[in-house]
Amino acid sequence: MKKDSQYMLKCLQLAEQGRGEVEPNPMVGCVIVAGGRIVGKGWHQRYGGPHAEVEALRDAGANARGATLYVSLEPCNHFGKTPPCTEAIIDAGIRKVVIGMPDPNLAVTGNGAQRLREAGVAVVEDVERERCEALNEVYIVNTVHRRPFVLLKVAQTLDGHVAALKGTAHWITSEESRTEVHRLRSIYDAVLVGAETVRKDNPSLNVRHVKGRDPQRIILTRSWHLPLSAAVFSDDLVDNTIVVTSKKSARSNASHITRLRKRGVRVLDVTTDMMEYASLKSALKQLYDEFGIRSILVEGGAEVFSAFLRARFADRLDIFTAPKIIGQGRAAFSALRPLHLSDAMRFRVEDVLHMGEDVYTILRPQPEE
């Protein structure tokens with residue numbers, strides 16, 4: 001129903017206010033409606049604090065009895081840091097519950113909705129589900145796959161190049177696009193690039209154009225041709241830098257690693273994959289388990305983009321396309337070499353936006369058949 005969607009969108013607006021405060025928990029919003037008006041609202045405000053439903057029930061007070069509760073995520077039906085929300089809903093006399101998306105934890109999916117139905121509460125599910133899942137895309141991947149959520153950010157020309165043949169001294173995209181990238185950096189736990197990007201661009205990989213926290217900085221390398229003068233190894237945020245390499249490469253570059261560690265750089269050595277590169281699977285697992293990194297923004301270059309796609313670790317692809325043609329250059333995914341068009345990786349377009357003079361496209365991988 002149209003009204004259900006409108007109230008669920010309000011839940012999502014409320015849930016967004018918890019960003020940066022509730023992680024690793026999901027962002028959740030809730031409204032309670034009686035007599036055609038909102039009588040209570042709430043959102044999960046901080047990790048370990050009351051859930052959105054409890055906040056909304058407190059706000060509604062006695063008006064909750066006989067009302068309809070809208071919530072963006074299936075109410076929990078288990079004891080965690082807080083008691084089950086299902087019992088609070090039932091005790092408050094809520095008549096109907098409208099749910100945006102199920103709990104992604106396969107061990108508890110459906111338990112909350114089932115408990116409510118058993119208590120005689122009417123339940124409607126999957127209202128604006130795609131929007132609800134998009135809001136908590138990081139939480140979903142963390143919960144289902146036990147690894148960081150990975151977003152590939154590509155800034156390219158109209159003909160698909162991320163750099164001219166002689167380097168990347170000039171910005172490809174507009175100031176508005178660059179500001180959006182800094183906003184993304186501010187909400188992601190880490191930003192990742194390859195050693196080639198460090199050598200050629202000397203990026204700071206911090207947040208400058210918007211207010212927000214600086215992410216961890218992850219550098220992938222096999223060759224260890226990394227200049228110690230690079231910003232990521234010499235600025236005030238050097239403690240934020242993590243170098244990921246293979247165990248074989250680490251053994252061959254022990255003296256270089258020692259110098260970096262003395263500066264405060266952390267080095268993570270992982271197993272190698274079939275191509276003798278550091279295993280992305282192993283790296284993501286350790287970054288998640290040992291460093292607590294829940295989300296990674298991958299900013300290049302072409303070899304790194306291709307490696308994440310090849311390993312099927314790209315959960316989202318954000319492409320900023322500038323209205324420029326250079327004819328020749330380095331393509332964003334040049335390291336992928338499918339033999340046939342049928343081998344192409346497929347994506348679905350989620351949104352297309354204007355960002356200054358650029359086109360900003362958000363895509364997600366198509367499920368494999």
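This briefing walks through the sheets, cores and a few selected residues of the structure above. Please keep in mind that this is a predicted model. The largest nonpolar core has 39 residues, and another core, of 30 residues, lies apart from it.

- β1 and β2 run antiparallel and are joined by six bridges.
- Within that pairing, Ile 32 has Gly 40 in β2 as its bridge partner.

**The largest core and Ile 32**

- Among the 39 residues of the largest nonpolar core, those with the most contacts inside it are Ile 32, Leu 57, Leu 69, Tyr 70, Ile 94 and Val 97.
- Elements that each supply at least two residues of this core include the helices α1 (2-16), α2 (52-60), α4 (111-118) and α5 (129-135), together with the strands β1 (29-34), β3 (68-73) and β4 (96-101).
- Helix α1 gives the largest share of this core, six residues.
- If you set aside neighbours within four places in sequence, the contacts of Ile 32 include Leu 57, Leu 69 and Ile 94; Ala 56, Ala 60, Ala 64 and Ala 67 are also among them.
- The other core, of 30 residues, has Ala 190, Ile 242, Leu 287 and Leu 363 among its members.

**A glycine after β1**

- Gly 35 sits in the loop between β1 and β2 (37-43).
- With a relative accessibility of 85%, Gly 35 counts as exposed.
- Gly 35 and Gly 66 are 31 residues apart in sequence, and their C-alpha atoms are 9.9 Å apart in space.

- How many of the six residues of β10 are buried? Six of the six are, so β10 is largely enclosed by the rest of the structure.
- Both faces of β10 are covered, with Thr 241, Val 243 and Thr 245 buried on one side and Ile 242, Val 244 and Ser 246 buried on the other.
- β10 pairs with strand β9 (residues 216-220) in the parallel sense over four bridges.
- Ile 218 stands opposite Ile 242 of β10, and Arg 217 has Thr 241 of β10 as its bridge partner.
- β10 and β11 also pair in the parallel sense, over five bridges.
- There, Val 243 has Val 267 in β11 as its bridge partner.

**Helix α11 and the glycine that follows**

- His 256, Ile 257 and Leu 260 are buried in helix α11 (residues 254-262). Seen down the helix axis, the buried residues of α11 fall within an arc of 100°, so they line one face of the helix.
- The cover over these buried residues includes α9 (231-234), β10 (241-246), α10 (247-252) and β11 (266-270).
- Gly 264 lies in the loop between α11 and β11, and takes a positive phi of about 105° just after α11.
- At 23% relative accessibility, Gly 264 counts as partly exposed.
- Leaving aside neighbours within four places in sequence, Gly 264 is in contact with Val 238 and Asp 239.
- Gly 264 and Leu 237 are 27 residues apart in sequence and 9.3 Å apart in space, C-alpha to C-alpha.

Definitions and conventions: Residues are numbered from 1 along each chain as its sequence is written. This is a predicted model: local features need pLDDT of at least 70, side-chain atom pairs count only at pLDDT 80 or more; totals for chains, interfaces and linings use all residues. Side-chain values use heavy atoms; hydrogens and water are left out. Buried means under 20% relative accessible area, exposed over 50%, partly exposed in between (1.4 Å probe, protein chains only). The arc is that of the directions from the helix axis to the C-beta atoms. Contact means heavy atoms within 4.5 Å. A nonpolar core is a set of buried Ala, Val, Leu, Ile, Met, Phe, Trp, Tyr and Cys residues joined through side-chain atoms within 4.5 Å. Two strands pair if DSSP finds at least two bridges between them.
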